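Hi,

Here is the structure I promised to pass on.

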Amino acid sequence: MRIEGRWAEVRRAIAILAIDPRRVGGLLLRGRPGPMRDLVIAWLMRALPDGVPLVRMPVHITEDRLVGGLALAETLRHGRPIVEPGVLARADGGLVVCATAERMPIATASVVCATLDSGEIVVERDGLSVRSTARIALVLLDEGSDGESVPASLRDRVALDVDLDALPILSSGEVADLLNGPALEAESLRPAVMAARGRMVSTTIGGAALDALSEGCVELGIGSLRAPVLAAHVATLHAALEGRGTVEADDLSFAARLGSTKRDPPSPRARRNRRTIRVIRMRARRKARSPRTSSSKRLPAPSGRVCSTDCGPRRHARVGASVGVTAPSASRRRVGDRLAYDRHAAMPASGSTSSRP
Amino acid sequence: MTRSASTRVEAERGNHMESFPFTAIVGQDELLLALSLATVEPLLGGVLIFGDRGTGKSTAVRSLASLLPRMKVVRGCPYRCDPETDGAPCPAGCGGRSGEVEEAPVPVVDLPLGTTEDRLVGSLDLEAALARGERIFSPGLLARAHRGFLYIDEVNLLPDHLVDLLLDVAASGENVVEREGVGVRHAARFVLLGSGNPEEGELRPQLLDRFGLCLEISTPTDLATRTEIIKRRLAFDRDASAFAREYAAREAEWRARLESARSRLRELEIPEHVIERAASLCQSLETDGLRGELTLLRAARALAALDGDSAVEDRHLLRVAHLALRHRLRRQPLDEVGSSARIDRVLLPS
């Protein structure tokens, strides 16, 4: 089966995260656990270049496991302080997957935010004083219901927002097919990501596009200045992914649809989201004088366009709509295995720990 | 002498990420003013910044570090004793006045979330104890912040026992450690900088009172300002060092301004009528104790020094009144008006 419409957009969002996780900050993935969520995470793992760590963080992680601390047994064995890196340090250069992020305590969220901002983690505990790099990005799994929501400080820092409930339902059979089927379309993300990585340095965003983002946010009452900055990054990376040298209306429109401009509480959200898209698209059209160029490098066919194989997106997307999204499946278990906790690797602190006065 | 883990952190600062230039910050004039005043007059007692997400609270604090003038220290002293005034016996035995002098950067020390008490006050040097069986004190963050700034982000989330410790040391200027078999006392005078999001928790009144200046900032709503901020941020994200070069001249200018204000500060007299005005202002606002008046006058004098004025006048007082007083007003449960509006009412009687 082919990936179309809103799912194609999700794939582009994942590609954008994989191109430059630090700049994007991360992904808010809303919806119950199930094959569809597993699919998104599996795509992400396949889009990321080899060696990029993906570390899962349980929501009630203790402070010492989060930031790191003294590895007592090793310290005693070696007769010098040995640092046990925390989850954040182990995820350096990669992604931290936060399960049930809507239940994350504010104190934990604050540590994660500080690490996101600075790209490093400073441990001042158990007699240790160590600074290590932790250039991380986040995948916030939000199963929020009953008014619970991911701490606003975290939401403010991730650029991408995918709501599984707003996507056409895929059955677990379709998910398995997408992940392992003969088409193996999932595998095609990585080359596109690598190509876009090469292009992104020379991809620019014009003043008019920035004005459009800034105006759009003001009009929608979005106070935070991170939102337009992150949206600008998303638009730029989207342009790079699509093989464009400059951000155009399409890129801004994408940033508005899946970007950080969606910042509203659940109930009026859908309505406001539609408005966000409309406002920003309108502003972009008005600002961007340059004609839209159709690119042959465009990855998946966006919705509404005629597919070259005439697959009929709606027909396919609706197959198996009655299958519950929480049903366990082989693919889900496999994804779970791959996401399983990283091994606890006790490693010596930086060389100077053992230095003598 | 110990070469403990804390020295390592200092050494690693060199390859720290480039910080956003102070002078490139747009639309937060009161914040820049407050930080500058706290730099010019360390006796003010620091700055507390309350604000929404994404307002650039910590960006401003971090950008301050590169503007600070260097200070004179006793060569090699881990506590960075002041060769001119520190008469107190130094735990490292550096010799105070008789020691050799060198220059060092003014420290801006972060109190990271998750810090344990032992690292805040200092503790037994674990490495020396384990490897050589020696009982040596390893100075903590308070020692590292001596004569500089201690920055606490999310200050309203700081655990109570750490708040108690900080209050004690901030009041006495001295850190007394009695733990893990080590007894040490050393000078720890620092300027507190705190920031937080009021939505995430209240600040204890004792700690609130400790901060000299207090601001409540929000993101600018003016479109042109917002767009300018976004453009500068993106330019910085794209090439931080090129961006920093662009602002190098302005940074140098501001640094010179801070330095000259610092040297002129003590020469500035505060006329009697300004003192009276400050007293009557505090009286009408019913602020507790004398700290309000003192802070107000010190801030006014620092502002006059910063502006290069030859005397402290009423207008200086009025410009810093909000900063110095808004967190000192007694809560009036039935008064719906915010503290800023109450100050305005007294400042500008209709």
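Below is what turned up, going from chain A to chain B and ending with the aromatic rings.

Some housekeeping before that. This is a predicted model, where local features need pLDDT of at least 70 and side-chain atom pairs count only at pLDDT 80 or more, while totals for chains, interfaces and linings use all residues. Residues are numbered from 1 along each chain as its sequence is written, chains are lettered from A and ligands numbered from 1 in the order in which they are written, and side-chain values use heavy atoms, with hydrogens and water left out.

**Chain A**

Chain A has 16 helices and nine strands (DSSP runs numbered from the N terminus: H or I of at least four residues for helices, E of at least two for strands). Of its 357 residues, 57% are buried (buried is under 20% relative accessible area, exposed over 50%, partly exposed in between, with a 1.4 Å probe and protein chains only). Among contacts in chain A with a separation of 6 or more, 81% are between residues 24 or more positions apart (a contact is heavy atoms within 4.5 Å). Chain A exposes about 14,400 Å², and carbon and sulfur atoms supply 53% of that (Shrake-Rupley areas with a 1.4 Å probe; for residues, only the protein chains shown count as cover).

Now find strand 8 of chain A, residues 137–142. Six of its six residues are buried, so this strand is largely enclosed by the rest of the structure. Both faces are covered: A:A137, A:V139 and A:L141 are buried on one side, and A:L138, A:L140 and A:D142 on the other.

Which strands pair with strand 8 of chain A? Strand 1 (residues 26–30) runs parallel to it over five bridges, with A:G26 as the bridge partner of A:L138. Strand 5 (residues 95–98) is also parallel to strand 8, joined by four bridges, and here A:C98 stands opposite A:L140. (Pairing takes at least two DSSP bridges between the strands.)

**Chain B**

Chain B has an open sheet of five strands in the order 4-7-10-1-11, with parallel pairing. Its edge strands are strand 4 (108–110) and strand 11 (213–217), each pairing on one side only. The twist averages 15° from one strand to the next (axes are lines fitted to C-alpha atoms, for helices over the stretch in contact, and angles run from 0 to 180 degrees between N-to-C directions). Within this sheet's order, strand 1 (residues 47–51) and strand 10 (residues 191–196) of chain B pair in the parallel sense over four bridges, and B:F50 stands opposite B:G196.

B:R119 sits in helix 4 (residues 117–121) of chain B. Is this arginine, B:R119, buried or exposed? B:R119 is buried, at a relative accessible area of 1%.

**Rings**

Over all chains there are six aromatic pairs (Phe, Tyr and Trp rings, the six-membered one for Trp, with centres within 6.5 Å; planes under 30 degrees apart are stacked, over 60 edge-to-face, the rest tilted). B:F236 and B:F243 have ring centres 5.8 Å apart and planes at 75°, so they are edge-to-face. B:F236 is buried at 8%, and B:F243 at 4%.

Finally, A:R11 lies over the face of A:W43, 4.9 Å from the ring centre (NZ of Lys or CZ of Arg within 6 Å of the centre and within 35 degrees of the ring normal). In chain B, B:R257 lies over B:W254, at 4.9 Å.

Cheers
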